[in-house]
There are 2 protein chains.
Amino acid sequence: MTRPASRRDDPSFITVPVPLGDRAYDILVGRGVVETAGSRIASLGARAAAIVTDEHVGPLYAAPLAGALEAQGLRASVITLPPGEATKSYANLEQVCDAVLAARIERGDLVVALGGGVIGDLAGFAAAVVRRGVRFVQVPTTLLSQVDSSVGGKTGINSRHGKNLVGAFHQPSLVLADTALLDTLPLREMRAGYAEVAKYGLIDDERFFAWCEANWQSIFAGGPERDEAVAQSCRAKAAVVVRDEHENGDRALLNLGHTFGHALERITRYDSARLVHGEGVAIGLCLAFRFSAALGLCPEKDAERVEAHLSAAGLPTRLSHVPGGCGTVDALLDAMAQDKKVKGGALTFILARGIGQSFIAPGIGADKVRSFLDSELEPSRS
Amino acid sequence: MTRPASRRDDPSFITVPVPLGDRAYDILVGRGVVETAGSRIASLGARAAAIVTDEHVGPLYAAPLAGALEAQGLRASVITLPPGEATKSYANLEQVCDAVLAARIERGDLVVALGGGVIGDLAGFAAAVVRRGVRFVQVPTTLLSQVDSSVGGKTGINSRHGKNLVGAFHQPSLVLADTALLDTLPLREMRAGYAEVAKYGLIDDERFFAWCEANWQSIFAGGPERDEAVAQSCRAKAAVVVRDEHENGDRALLNLGHTFGHALERITRYDSARLVHGEGVAIGLCLAFRFSAALGLCPEKDAERVEAHLSAAGLPTRLSHVPGGCGTVDALLDAMAQDKKVKGGALTFILARGIGQSFIAPGIGADKVRSFLDSELEPSRS
């Protein structure tokens, strides 16, 4: 927030538009984007902004951001929460809503989510419901949130019945994805976010997956390929969201790898020491391709290629990679049945006919899933 | 729910359509409508329904409604909450959301709000956020909820910063307003609901107000005029909601009487022993017309006519009618400034040029409000 004004129109920033009619917004991607946040957020026309952040990110970035907003004439306040998935609770929703109201955020004002996916989901949900909806801006600070949760308007908290079971579709008014913030991201979090990047190639863009295979080391190292990977991921997600904002159809494709992944997160009780979301997704992507191969839908070599790449990037790829184990087949099936993507009682999977050729497969019989998981849990596979 | 099927197409039911595009729905008004609820709700195509009700209404109607739904092949469950405004809390939102999830309500299933405005607002909000939105049906059991809160999609709970400050716009899929349920409604609640009926005439329909003056006793007694009054109120509200679903403009007209009314509710700490919402609105309507007259906008005789009619119907009409008093002018001004309809710091009132000629008046100076309230609090006016 101390750079000269000329940086504000830095041509190296990439703009990804999300054309959702009267809810359209831009995602700005690039090194140093957050330093231009003051004027960009001010240009949305609010009089006040409540910044929601956590105890990791807040001490680094909240005060400069608040200062930059105040320099633009906005009233700014900061709400700081504990880090971690447990923060997405009813109690913290109440705390954030009441703090936003105490900050006298009116209709037309803004909530700014400054942090990873937990902060974005919680602050976005609070913005969706305070005064029945105020605007919000996402400033995602992790790779995972930059390429996934900050785009598309899904917000929410966890219930004792499962993750993200209570929430709202509420689109942000602006997303600022500063790729320089990832320079200090722990490697494990970088890898976890990368699983979602690779996912976009696996869904419907074999070329992008091949590009990832060739460039993943530069993405991790912070070269210009990182900006392009984030931007392309946002473009891919935006394209799906524009087709199906409220997840009545195509948007389910984004759940490639997630039916298995969520089940693993549930079984490990969301204990990030054992498994973080992106790691569950990495294993889930490999399982989805191997399941597709087992069903005769997808060439074995494509499933092997998925595993080889994620493994090269340092991600887990098999059930046996879950520290502490992943329980029995029955436990896995039970955990999958609780996913909120269940409709009419039948399990829906995202399967693939090959890399970049995923499709929604509703009504997959439990017997087929069971025999696949049995084979995955055989010692010979691990 | 025991009537013969022929009753299901009873021509005496009045259908009020709410044409909101892909969120369009019907309001059915009439004596015995709730007895046809099973087949009507089943026709929405859900597999399960969670009925949310309170300890007053539940024992009378929840079991028959659940039975009627089960007879139509739906899985039905009942969630019962304490009655009263305090139920619209974060804690009860959590309770209802978790109970709806425990009842395995999936996307495509239904929440049914069976009760007055408190239940409708809370259950509707839970439906808006469980799985980021499931459908819901309103079965309003009070006059107030039949003519006001069940129509238009406003849902929410109260914050320590004020009423309805946390919520969502979420339209029901069907509203069943059974006017026979009002036969056993306490007179005070009937009167409170009637204040909102009269309001629709005052907003933009002088003929309806005159009809109310001529027919209010039949409305209270349960004649066919009651059905017509409920239906006409719903039509009037629906017309405004269709023009401005998210309250960016015209919908504010529905707040006629409410800026004053909400302030009185806040000052009496939502203590229903002292003042219920409709009583606050009745006083607020009289104040809005007298304020309009004091500003030279509206003939004195129209303000007198409003007061004469509401007084005849047994409603309070003056600040001095608030049991325990309404505090000082400063306290009233302060309470008004906290209303969520504040925008950009300025007070917005709904004023009138006469009966049926209300309009939105933004930016009313505090000095004018103060001198009007001073005159209202003079002993000679009480």
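Me: How many salt bridges are there between chain B and chain A?
Reply: The model is a predicted one. One salt bridge across the contact joins the side chains of A:Glu247 and B:Arg107, at 3.3 Å from N to O. B:Glu247 also forms a salt bridge with A:Arg107, with the closest N and O atoms 3.4 Å apart. The count between the two chains is 4 salt bridges.

Me: Where in chain A does A:Arg107, the partner of B:Glu247, lie?
Reply: The pair crosses between chains, and B:Glu247 sits in the loop between helix 8 (224–243) and helix 9 (258–267) of chain B. B:Glu247 is buried, with a relative accessible area of 8%, and A:Arg107 counts as buried at 18%. A:Arg107 lies in the loop between helix 3 (90–102) and strand 5 (110–115) of chain A.

Me: What kind of axis relates chain B to chain A?
Reply: A rotation of 180° with 0.0 Å of shift along its axis superposes chain B on chain A, with an RMSD of 0.0 Å. That is the relation of a two-fold axis.

Me: Why do the copies meet through the same surface?
Reply: The question is whether the interface residues of one chain are interface residues in the other as well.

Me: How many disulfides does the structure hold?
Reply: A disulfide is a covalent bond between the sulfur atoms of two cysteines. A:Cys298 is in no disulfide either, as the nearest cysteine sulfur, that of A:Cys286, is 12 Å away. Over all chains the number of disulfides is 0.

Me: Is A:Cys298 buried or exposed?
Reply: Buried means under 20% relative accessible area. The value for A:Cys298 is 7%, so A:Cys298 counts as buried.

Me: How many residues apart are A:Arg31 and A:Asp183?
Reply: The side chains of A:Arg31 and A:Asp183 meet in a salt bridge of 2.4 Å, N to O. A:Arg31 is in the loop between strand 2 (25–30) and helix 1 (37–42) of chain A, and A:Asp183 is in the loop between strand 9 (174–178) and helix 6 (187–204). A:Arg31 counts as partly exposed at 29% relative accessibility, and A:Asp183 counts as partly exposed at 44%. The pair links distant parts of the chain, and the separation is 152 residues.

Me: Which residue has its backbone nitrogen 3.3 Å from a polar atom of the side chain of A:Thr53?
Reply: A:Thr53 lies in strand 3 (residues 48–54) of chain A and is buried, with a relative accessible area of 0%. Beyond its neighbours within four places in sequence, A:Thr53 is in contact with residues including A:Ala62, A:Val78 and A:Leu114. The backbone nitrogen at 3.3 Å belongs to A:Gly58.

Terms used:
Residues are numbered from 1 along each chain as its sequence is written. Chains are lettered from A and ligands numbered from 1 in the order in which they are written. This is a predicted model: local features need pLDDT of at least 70, side-chain atom pairs count only at pLDDT 80 or more; totals for chains, interfaces and linings use all residues. Side-chain values use heavy atoms; hydrogens and water are left out. A disulfide is a pair of cysteine sulfur atoms within 2.5 Å. Buried means under 20% relative accessible area, exposed over 50%, partly exposed in between (1.4 Å probe, protein chains only). Copies are superposed by least squares on the C-alpha atoms of residues with pLDDT of at least 70 in both. Contact means heavy atoms within 4.5 Å. Helices (H or I, at least four residues) and strands (E, at least two) are DSSP runs, numbered from the N terminus. A polar contact is a pair of N or O atoms within 3.5 Å; within protein, one must be able to donate a hydrogen and the other to accept it, and residues adjacent in sequence count only if both atoms are side-chain atoms.
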